Amino acid sequence: VSASSIGRLVMLFLVRWSRYNPYYLEPEPRKELYNMPETELTTEQKEERELKAVRPIKATTNSTTSSVFNDPVLSKFVNMMMRDGEKILARGILTQTLESLKRKQVEKYHKAPQGKKAEIECNPYAIFHQALENCMPVIGLASIQKGGKFYQVPVPLTDNRRRFLAMKWMITECRDNKNRRTLMYEKLSQELLAAYSKEGNVIKRKHELHKMAESNRAYAHYRWW
Amino acid sequence: MGEDPETFTQQDIDRSIAYLFPSGLFDKRARPLMKHPDEIFPKQQAVQWGADGRPFHFLFYTGKQSYYSLMHDTVAKVLAAEKQQVLLLSEGPVPQDTKPISLVGSRWLLKEELEELLVETISDHDYARFIQLMERLLSLPNCLSEKDFVQRYRKQLEIQSSKQQVAPLQYDENGVAYSTADGRRKTATCTVLLRDCGSGSISINGRDYLHYFPVLQDREQLMFPFHFLDMLGRFDGQCTVGGGGRSSQAGALRLAISRAMLSFLSEGQVESMRQAGLLTPDPRVKERKKPGQEGARRKFTWKKR
């Protein structure tokens, strides 16, 4: 007899298999969510809790902790920077990048006049997140075949896809367009600061994509989803 | 048994019976344990027609009388609920006070279980139609009265946290509480002895954890269970680990520490640990290489000719 009805319904959405039964739910490692008293929960959260009580949960990955320093966006960025499985190197580069960001900003802070000091952002995490957000495209292009020809059709993007594109552009930009002698973390911190102030090659690439999408507006009706 | 059957006296027989059946031959507790007759003899449908050959049930000639009579009843309930809803709406827009039946914590009966209940075989299509109809019944706002009917076809799911085996706490000579646990991840195995000392020092294979794990990520994994429960400096750990690489050893230690800490925790904390993913052993292992491919997923370079 084939898999149960629950498995059958979920099987429709799976593309590649995983070691876990699809019945397993994703873990939630942040500890603040478990200390919330009953009164502060919405109905959805209560239902979610009841559901979690009866379902098995997957194991947390190696790179996730309940620490305040654990950031899912940063972990994703580290994984994308990683080559040949060298996580230590990738993480080291990111730490050096954040350090150099902080150093540059603190230098700027000390050199700035009293009035401008409050505007300078010294938190490297905030700079990173803001820079990534500035790089995220709003609309993307999809190659759709119609009548034998392939058209570039403007298409809405999901949040995950936007984040992925921003990170990918950042990394490719820093790998390709740098001087042989500049190190990765230096180039990355320069690009991040530029993206934070909405300048630089990555922002330019995002604007080019937007312009292409705007110019191909006529084909927008080719999209069927 | 080594006894000589020629010279087997009555005394020998009594002795053997006393040995083989300690409670005696006629003791109530010595009676053979038999399964319930329902488990041995499968449920069969009783004869469905009378002496004159006429069937009892009006849906006998459909072939699946219990299934169709069930669908018939459900549809009757759906129509009654819709009629009631129309009546209520005609009286005036009433605010939705009636909450639908809570579905969390139970699941629909599987096709095999439904077949067992109805004592007849149904097809996948029939089963899908039945579930569709039940969902439709539940989508109506006045379905609270049919709660018992619906619950008959739902199975309660057991609470997962009750499946955790928590070992009782042990105490050594000085009165210090301690507990041991094992953990595994890929090929790494480890054992952990946690003591409720208050020092917070962890030694792995005789060396300090700072020396054994020079990488920050591994130390973060080690401290994850402690940090999650705010018990960072409370425990003193002695761990032995072998096999695997640095990352899998760290993962194995994390699992072993979480398991060892279970004996010190309350039920709510155990449940939150489980929901954080600390208590599930990670099933991911290296995927095998397949013949005709270079690796597990990588294919050989495609050459046109």
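Helices (H or I, at least four residues) and strands (E, at least two) are DSSP runs, numbered from the N terminus. A:W224 lies in the segment after one such helix, α8 (201-215) of chain A. The model is predicted: local features need pLDDT of at least 70, side-chain atom pairs count only at pLDDT 80 or more, and totals for chains, interfaces and linings use all residues. Residues are numbered from 1 along each chain as its sequence is written.

**Confidence**
- The complex has an ipTM of 0.86 and a pTM of 0.81 from the predictor.
- Chain B has a mean pLDDT (the predictor's confidence in each residue, from 0 to 100) of 89.
- In chain B, 97% of residues reach 70 or more.

**Chain A**
- An unreviewed UniProt entry lists residues 61-217 of chain A as "domain: Small ribosomal subunit protein uS7"; such annotations may be inferred rather than shown by experiment.
- Residues 61-217 of chain A are 59% helix and 10% strand.
- The end C-alpha atoms of that stretch are 42 Å apart.
- A:W224 counts as exposed because its relative accessibility is 67%; the classes are buried under 20% relative accessible area, exposed over 50%, and partly exposed in between (1.4 Å probe, protein chains only).
- From A:W224 to A:R103 is 121 residues in sequence and 49 Å in space, C-alpha to C-alpha.

**Chain B**
- B:L20 sits in helix α1 (residues 10-20) of chain B.
- B:L20 has 54% relative accessibility, so B:L20 counts as exposed.

Notes:
Chains lettered and ligands numbered in written order. Heavy atoms only, no water.
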